[in-house]
Amino acid sequence: MQEIKMVDLQAQYKRLQPAIDKAMAEVIEQTAFINGSAVKTFQSNLEKYLKVKHVIPCANGTDALQVALMALGLKEGDEVITSTFTFIATVEVIALLKLKPVLVDVDLDTFMMIPEQVEAAITERTKAIIPVHLFGQGANMNRLMQIAQKYQLKVIEDTAQAIGSNYQYKNHTQKLGTIGDVGCTSFFPSKNLGCFGDGGACFTNDDELAAQMRMIVNHGSQKKYYHKVIGVNSRLDTLQAAILHEKLKELDDFNNRRRKAADFYDGAFKEHEAIQIPTRIQECVHTFHQYTLRVKNGQRDELQAYLKEKGIPSMVYYPVALHQQEAFEHFMNKTPNLPNAEQLCKEVLSLPMHTELTNEQLNYITDAILAFFE
């Protein structure tokens, strides 16, 4: 059996190597390493795939979130509500822009922020909501959009872990990231659609917002050496765009392969009293950026150590909720009561999940976990 990896980028590359090598060679031959034709081609094809009017490529997913917030014209001290159970980037950009992050708890089953808590956290300073589509599944966008419209708030979807996921919004299907005012994603190598370095993008159907974001990623400029706003230098380089252009053709297959592996895990663990498999909500087609169990009875760390002995990698996403992080202490007026996130930090364990998992590997992983509980 081949070595089991948390994410097997090498095996995926080997399978797609001819097309990716050709795309990279063309960029090198053309030597247009910044804003080359591959960037425009990828942008156009991603717009078609997402069925969105505008894709604005940028340097990474964190920049995408920052650029989106900058384009909305928020003022220092304005409040942005988001989840406490997510990667730091979601809240980091809020703090960097001198906005105030307001963190709310998440549902124990779906890991998504609780809409009722979002509404309860709204004040006269609240200007935006950032739903996090965690692990490949969507937040409750039907309810969150109702809340946003009721209070006239902007919605920035953090889609870094869920690109390609379909969501039943109202009476039709949309891709996650295209429902709110802006969607943001990351093309970090381990993502469902990943490049060979850093990369990211914003997407929107708002023409004015798109124009603002295009200026911001390019030093606030529409015309070279003429700067209308304060911006940043955040570009998706041409080599990465060429790789993403080839991988975009495979994204639906990538996601189907992940779902197939998730189905295997579900089948092995669904009846086990010590393990809770990921909840799949009816409105969303889960794309399993991560396959994350809840391990009950305080056995998570012991199980992880056992798996390591068996040559099976696993990860804890996330060991500390953001409201408990030292970096955000000064934003908390008092210690928030967010018990679900704190419980999840003690229970969650993510298993190997990627496009190249074999049945032999999946059998070995699931047999080992079941043997641990015997």
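Gln30 lies in helix α1, which spans residues 9-30, helices (H or I, at least four residues) and strands (E, at least two) being DSSP runs numbered from the N terminus. The model is a predicted one, in which local features need pLDDT of at least 70 and side-chain atom pairs count only at pLDDT 80 or more, while totals for chains, interfaces and linings use all residues. Residues are numbered from 1 along each chain as its sequence is written, and side-chain values use heavy atoms, with hydrogens and water left out. At 47% relative accessibility, Gln30 counts as partly exposed, a class between buried (under 20% relative accessible area) and exposed (over 50%), with a 1.4 Å probe and protein chains only. A separation of 56 Å is found between the C-alpha atoms of Gln30 and Glu271, which are 241 residues apart along the chain.

Helix α2 (residues 37-50) packs against helix α8 (residues 238-248) at an angle of about 35°, the axes lying 8 Å apart; axes are lines fitted to C-alpha atoms, for helices over the stretch in contact, and angles run from 0 to 180 degrees between N-to-C directions. The contact (heavy atoms within 4.5 Å) involves Ala38, Val39, Thr41, Phe42, Asn45, Leu46 and Tyr49 of α2, together with Thr238, Ala241, Ala242, Leu244, His245 and Leu248 of α8. These residues comprise 9 nonpolar, 4 polar and no charged, where Ala, Val, Leu, Ile, Met, Phe, Trp, Tyr, Cys and Pro count as nonpolar, Asp, Glu, Lys and Arg as charged, and the others, Gly among them, as polar.

The structure holds 3 cavities of 30 Å³ or more. On a 1 Å grid over the protein atoms alone, a cavity is a set of points where a 1.4 Å probe fits but cannot get out, and a pocket is an open set with protein on both sides within 12 Å along at least five of seven lines, lining residues having an atom within 4 Å of a point. Grid points are joined across faces, edges and corners, and a volume is the space filled by probe spheres set on the points. The largest pocket contains about 510 Å³ of space, and among its 27 lining residues Phe87, Ala160, Gln161, Ser186 and Lys191 lie nearest its centre. Lys191 is also one of the residues nearest the centre of the largest cavity, which has a volume of about 70 Å³.

Thr110, in the loop between β3 (100-104) and α5 (115-120), is buried at 14% relative accessible area and is one of the residues lining the second largest cavity, whose volume is about 50 Å³.
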